[in-house]
There are 2 protein chains.
Amino acid sequence: MGVTSADVARAAGVSRTTVSYVLNGTPGTAISEATRQRVLDAAERIGYAPSATARALRRGTTDLVLVVLPHWPIGPVIDTLLDHLADDLAARGLSVLVHHGRGRPLSELWRAVTPRTVVGLTAFAPEEVRAMRRAGIQVVGTRLDDEHHDPSVYAVSQRRIGRMQVAHLVERGRTRIGWAGTTDERLVDFAGPRLEGVRQGCATAGLAEPVVARLALTADSAAQAAREWHEAGVDAVAAYNDEVALAVLAGLRREGLRVPEGVAVIGVDDIPASALAEPPLSTVSQSIEVQAAYLAQATIAALDGATELPPQPPDVLAVVVREST
Amino acid sequence: MGVTSADVARAAGVSRTTVSYVLNGTPGTAISEATRQRVLDAAERIGYAPSATARALRRGTTDLVLVVLPHWPIGPVIDTLLDHLADDLAARGLSVLVHHGRGRPLSELWRAVTPRTVVGLTAFAPEEVRAMRRAGIQVVGTRLDDEHHDPSVYAVSQRRIGRMQVAHLVERGRTRIGWAGTTDERLVDFAGPRLEGVRQGCATAGLAEPVVARLALTADSAAQAAREWHEAGVDAVAAYNDEVALAVLAGLRREGLRVPEGVAVIGVDDIPASALAEPPLSTVSQSIEVQAAYLAQATIAALDGATELPPQPPDVLAVVVREST
DNA sequence: CTGAAAGCGCTTACAG
DNA sequence: CTGAAAGCGCTTACAG
């Protein structure tokens with residue numbers, strides 16, 4: 001199918017060894033400049049491109065980093081993270097490939113790709129991690145859950161996000177908290193811990209349990225939730241994320257409830273639309289750039305043989321205060 | 001590093017040939033059930049997983065489909081497309097891998113991955129396409145531009161999107177059109193044709209040239225654009241996409257201009273936040289599901305040896321009318 | 001019904 | 001300074 005190094009060798013009148021030495025710039029060899037040029041020219045002329053597959057088989061590894069996303073709708077936050085990660089790793093000659101958590105099982109994928117490193121933005125099964133490590137693949141993980149602290153993985157605490165939302169609302173003098181989740185089943189992994197954090201926040205502040213509502217991203221669905229909160233005397237809503245929070249704003253508007261006078265609303269993520277909402281939405285931002293840089297750093301450290309994670313980044317969570325609270 | 005088929009053969013007391021036949025269910029072989037079980041058990045017991053790299057070298061191809069995204073911020077629209085594509089292709093045993101157009105050059109990537117098919121959501125250089133095809137890789141492309149019709153690629157007309165925006169605004173009795181672009185350089189490939197379409201629409205309707213403003217996704221920046229439009233007597237704004245349109249709504253609000261009474265606004269994409277905006281945003285939707293299904297179909301057809309694209313999908317563009325127009 | 005052998009394209013000790 | 005040879009792990013004609 002393709003031009004091989006043997007073809008180049010023949011065209012240049014040398015052995016494949018020499019071709020390999022020249023093309024890879026192998027140090028410690030002393031190839032005459034004339035030979036070098038002959039090989040380079042021949043390769044150029046006959047359009048040679050080395051087979052990455054054969055090289056991978058021989059070397060036992062590739063220069064690929066496989067990023068595995070969770071099986072849910074990713075947002076602009078993750079896009080930004082991926083961009084930064086790709087830029088940072090390119091500097092080390094690594095290419096980033098993304099798997100969206102859809103389609104065939106992960107186990108087939110990493111075997112097919114044999115990446116140098118797998119970066120998980122989702123939790124992996126422990127046996128999956130073992131299998132990957134056994135195959136010589138570095139695994140850099142982030143966890144959805146901060147319940148069990150595993151020092152080999154980096155994770156932003158989803159619970160803490162929920163606690164921060166409540167703390168901010170309490171600071172604003174609110175006393176009856178509602179929580180807005182989503183009907184999207186795929187989000188349950190993230191939503192669970194965040195709600196848990198909201199519960200913890202309420203408990204810490206001596207407030208009653210949050211009034212939980214799950215809604216679709218429509219004004220109708222949100223209006224219904226708004227009625228439930230209203231009946232329960234809710235004066236502040238913590239939303240699973242900004243998209244849900246925007247729906248909450250629409251629902252409250254529809255019900256004639258004023259934000260923040262009647263009900264305060266806070267989201268998570270700080271997506272662009274949040275600053276543009278009516279009223280502009282308060283939210284918890286996650287410093288994606290910092291997290292991406294950290295993941296890149298951890299990946300590179302693992303490459304260099306580090307067995308421990310680099311020191312974790314400084315605080316990446318912050319409340320962005322706007323007019324909705 | 002790994003368990004090989006030779007290990008399985010040894011453990012089961014058979015040859016590697018037999019192991020391969022059993023594990024791949026090669027048809028036309030007649031392996032005794034006892035032997036089969038022995039091989040299966042041995043493989044299971046010693047934790048054998050075939051090397052996809054070696055298989056790829058031997059077979060000359062993989063079961064991977066590489067999707068190459070353009071070098072710009074992807075939105076929920078593309079996420080949805082990728083999800084559908086992954087689902088549809090998984091049914092054919094293909095895994096989808098995504099490259100975000102960042103980091104190392106594409107040419108290195110496809111060589112390293114040796115996918116069966118490369119699906120481009122961005123335009124490729126012609127020589128790149130030739131190189132991929134020479135390496136035995138199917139190339140399914142979409143084009144950003146509908147200027148030159150190449151029957152081997154599928155593309156939604158970006159110009160037509162702009163024309164549809166204007167046609168709708170004209171239908172609503174608007175006569176002075178503004179266009180809202182973005183300051184994000186990366187979007188110029190898409191934005192150019194859409195603006196061109198808006199220009200065509202204005203010309204067709206006998207209106208003056210659109211008043212073009214480029215803005216960042218902030219209320220401040222949008223407010224400034226709103227002032228410019230106001231001075232020019234603009235009574236309707238076509239935005240590059242919904243995110244920009246949301247900024248436009250915020251800017252007009254800030255300037256005390258009412259939507260749609262004073263100025264009508266229409267976006268592109270129909271992202272979830274659009275239906276939740278104040279007022280709910282009219283937009284042009286792109287039927288991403290239909291497009292994803294078409295791409296999957298084209299990919300599979302190419303796999304089956306088709307040399308032409310399947311018949312293009314029915315109309316995928318539609319105006320979603322809400323309260324902003 | 002099962003095995004020995006070749007070969008996919010590369011890299012790298014090892015000789016010369 | 002350069003080449004012949006082995007080997008990465010697999011699949012598949014070809015023998016038996």
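Modeller: Start with the surface near DNA strand C, where α1, α2 and α4 of chain A, along with α2 and α4 of chain B, each supply at least two residues. This is a predicted model, by the way.

Biologist: What makes a residue count as near DNA strand C, and how many residues surround it?

Modeller: The C-beta atom has to lie within 6 Å of the strand. On that basis 29 residues surround DNA strand C, and the closest are A:Thr4, A:Ser5, A:Ala54, B:Ser15 and B:Ala30. α2(A) gives the most, with five residues. By class, the surface splits into 10 nonpolar, 14 polar and five charged residues.

Biologist: And which residues are closest to DNA strand D?

Modeller: A:Ser15, A:Ala30, B:Thr4, B:Ser5 and B:Ala54, out of 28 residues that surround DNA strand D. The elements giving two or more residues there are α2 and α4 of chain A together with α2 and α4 of chain B. The largest share, five residues, comes from α2(B). The class count is nine nonpolar, 14 polar and five charged.

Biologist: What is the relation between chain A and chain B, and how do you know?

Modeller: Chain B can be laid on chain A with an RMSD of 0.4 Å, using a turn of 180° and a shift of 0.2 Å along the axis. That is how a two-fold axis relates two copies, so that's what we call it. In chain B, the C-alpha nearest the axis belongs to B:Val98, 2.5 Å from it. Also, the same surface serves both copies, as 100% of the contact residues of chain B recur in chain A.

Biologist: How many residues of chain B are in contact with chain A, and what makes a pair a contact?

Modeller: A pair needs C-beta atoms within 7 Å. By that test, 52 residues of chain B are in contact with 52 residues of chain A. On the chain B side, α4, α5, β2, α6, α11 and α12 each supply at least two residues. α5(B) makes the largest share, with eight residues. That side of chain B has 30 nonpolar, 11 polar and 11 charged residues.

Biologist: Back to α2(A): how do you know that its buried residues lie on the same side?

Modeller: The buried residues of α2(A) are A:Thr18, A:Val19, A:Tyr21 and A:Val22. They cover an arc of only 165° around the axis, so they sit on the same side of α2(A). Their cover includes α1 and α3 of chain A. The face turned away from the buried side carries the exposed residues A:Thr17 and A:Asn24. Just after the helix, A:Gly25 takes a positive phi of about 55°.

Biologist: Why is A:Arg194 called buried?

Modeller: The cut-off is 20 or more other C-beta atoms within 10 Å. A:Arg194 has 27 such neighbours, so it counts as buried. A:Arg194 sits in helix α9 of chain A. Leaving out residues up to four places away in sequence, A:Arg194 touches A:Gln158, A:Ile161, A:Gly162 and A:Tyr240.

Biologist: What about A:Asp270: buried or exposed?

Modeller: Buried, because A:Asp270 has 24 C-beta neighbours inside 10 Å, and the cut-off is 20 or more. A:Asp270 lies in the loop between β9 and α12 of chain A.

Notes
Residues are numbered from 1 along each chain as its sequence is written. Chains are lettered from A and ligands numbered from 1 in the order in which they are written. This is a predicted model: local features need pLDDT of at least 70, side-chain atom pairs count only at pLDDT 80 or more; totals for chains, interfaces and linings use all residues. Copies are superposed by least squares on the C-alpha atoms of residues with pLDDT of at least 70 in both. Two residues are in contact if their C-beta atoms, placed from the backbone, lie within 7 Å. Helices (H or I, at least four residues) and strands (E, at least two) are DSSP runs, numbered from the N terminus. Ala, Val, Leu, Ile, Met, Phe, Trp, Tyr, Cys and Pro count as nonpolar, Asp, Glu, Lys and Arg as charged, and the others, Gly among them, as polar. A residue is buried if 20 or more other C-beta atoms lie within 10 Å of its own, exposed if 12 or fewer, and partly exposed in between; C-beta atoms are placed from the backbone. The arc is that of the directions from the helix axis to the C-beta atoms.
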